[in-house]
Amino acid sequence: MIFTNPAGAPELACDACGCRWFDRMNGTCYECGTPVAPEAQEEFRLAVEAYVAARRTAQVCAGASTA
Ligand SMILES: [Zn+2]
């Protein structure tokens with residue numbers, strides 16, 4: 001599952017236990033060892049891209065309004 005942290009950035013969390021710590025070397029949850037599905041990793045990657053794009057757009061808009 002994917003959480004959004006208070007800063008608005010996406011965070012990948014374990015589907016089984018909800019913890020957000022992953023062993024990135026093995027692609028498994030630190031807490032319960034559940035493998036992170038490739039679909040979940042892809043979904044998270046897309047969420048990060050959308051977040052970065054949204055931030056970039058916001059910064060451009062902020063810059064335009066002050067100029
Ligand atoms: Zn887990």
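1. A residue is called buried if 20 or more other C-beta atoms lie within 10 Å of its own, exposed if 12 or fewer do, and partly exposed in between, with the C-beta atoms placed from the backbone. By that rule, buried residues make up 4% of the 67 residues in the protein chain.

2. This is a predicted model, in which local features need pLDDT of at least 70 and side-chain atom pairs count only at pLDDT 80 or more, while totals for chains, interfaces and linings use all residues. Residues are numbered from 1 along each chain as its sequence is written.

3. The protein chain has one helix and four strands. Their order along the sequence is β-β-β-β-α. Both kinds of element are DSSP runs, numbered from the N terminus: helices are H or I with at least four residues, strands are E with at least two.

4. On overall dimensions, the C-alpha trace of the protein chain spans about 50 × 20 × 15 Å along its principal axes. The radius of gyration is 15 Å, whereas a compact globule of 67 residues would have one near 11 Å. This radius is taken over C-alpha atoms, and the globule rule is 2.2 Å times the number of residues to the power 0.38.

5. Among contacts in the protein chain between residues at least 6 apart in sequence, 22% join residues at least 24 apart. Two residues are in contact if their C-beta atoms, placed from the backbone, lie within 7 Å.

6. Helix H1 covers residues 38-66 and includes Arg55. Arg55 counts as partly exposed because it has 13 C-beta neighbours inside 10 Å.

7. Gln41 and Asp23 are 18 residues apart in sequence, and their C-alpha atoms are 13 Å apart in space.

8. Val48 is another residue of helix H1. With 15 other C-beta atoms within 10 Å, Val48 is partly exposed. Val48 and Trp21 are 27 residues apart along the chain, and 17 Å separates their C-alpha atoms.
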